[in-house]
Amino acid sequence: MMPRRQEAQTTPAGRSSKFRGVTLFRPTGKWRSQISLQGKTISLGEYVTQEEAAAAFDKAVLYKDGCKAKLNFPSEYYAEDMSSLTALSWAEV
């Protein structure tokens with residue numbers, strides 16, 4: 001079970017998920033996680049639930065921005081992953 005979001009947020013107009021970096025890919029019905037890096041959009045994969053996609057985004061943005069990252073879930077949720085994230089290359093994230 002995923003932890004609750006840090007702050008309540010409604011789904012912004014024109015987006016299909018309440019989570020940052022997550023959209024519904026309508027042809028497959030799966031949730032797609034994406035992040036921007038150096039002006040390019042990078043797909044982080046497709047997931048069955050939007051919470052799984054949001055967690056994938058969080059891990060990527062933690063790798064990219066470190067402790068100043070804006071996350072979907074509390075940073076404590078990723079405490080175990082932090083040491084392994086710093087050892088990865090961007091392609092492995």
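Two strands count as paired if DSSP finds at least two bridges between them. Helices (H or I, at least four residues) and strands (E, at least two) are DSSP runs, numbered from the N terminus. What you're looking at is a predicted model: local features need pLDDT of at least 70, side-chain atom pairs count only at pLDDT 80 or more, and totals for chains, interfaces and linings use all residues. Residues are numbered from 1 along each chain as its sequence is written, and side-chain values use heavy atoms, with hydrogens and water left out.

**View 1. Strands S1 and S2 pair up as a hairpin.**
S1 (residues 22-25) and S2 (residues 30-37) run antiparallel, joined by 4 bridges. Phe 25 sits opposite Lys 30 in S2, while Val 22 has Ser 33 of S2 as its bridge partner. There are 4 residues between the two strands, and in that turn Gly 29 has a positive phi of about 75 degrees.

**View 2. Thr 28 sits in the loop between S1 and S2.**
Here we care about polar contacts, meaning pairs of N or O atoms within 3.5 Å; within protein, one must be able to donate a hydrogen and the other to accept it, and residues adjacent in sequence count only if both atoms are side-chain atoms. The side chain of Thr 28 reaches the backbone nitrogen of Lys 30 at 3.3 Å. For accessibility, buried means under 20% relative accessible area, exposed over 50%, and partly exposed in between (1.4 Å probe, protein chains only). Thr 28 counts as partly exposed because its relative accessibility is 43%. From Thr 28 to Glu 46 it's 18 residues in sequence and 9.2 Å in space, C-alpha to C-alpha.

**View 3. S2 carries on into a hairpin with S3.**
This time 7 bridges join S2 to S3 (residues 40-47), and the two strands run antiparallel. Ser 33 turns up again, with Gly 45 as its bridge partner in S3. The hairpin has 2 residues between its strands. Gln 38 is in that loop, with phi near 55 degrees, a positive value in a residue other than glycine. Gln 38 counts as exposed because its relative accessibility is 77%.

**View 4. Glu 46 and Arg 32 meet in a salt bridge.**
A salt bridge is a side-chain nitrogen of Lys or Arg within 4 Å of a carboxyl oxygen of Asp or Glu. Searching the whole structure finds 1 salt bridge, and the N to O distance for Glu 46 and Arg 32 is 2.8 Å. The pair links distant parts of the chain, with Glu 46 in strand S3 and Arg 32 in strand S2, 14 residues apart. At 33% relative accessibility, Glu 46 counts as partly exposed.

**View 5. The largest nonpolar core has 16 residues.**
Such a core is a set of buried Ala, Val, Leu, Ile, Met, Phe, Trp, Tyr and Cys residues joined through side-chain atoms within 4.5 Å. Val 22, Ile 35, Val 61, Leu 71 and Tyr 78 have the most contacts inside it. S2 and H1 each supply at least two residues of this core, and the largest share, 7 residues, comes from H1. Leaving aside neighbours within four places in sequence, Tyr 78 is in contact (heavy atoms within 4.5 Å) with Ala 54, Ala 55, Asp 58, Lys 59, Leu 62, Leu 71 and Phe 73.

**View 6. Asn 72 lies in the loop between helices H1 (50-65) and H2 (79-86).**
A polar atom of the Asn 72 side chain lies 2.7 Å from the backbone nitrogen of Arg 20. Asn 72 counts as buried, at 0% relative accessibility.
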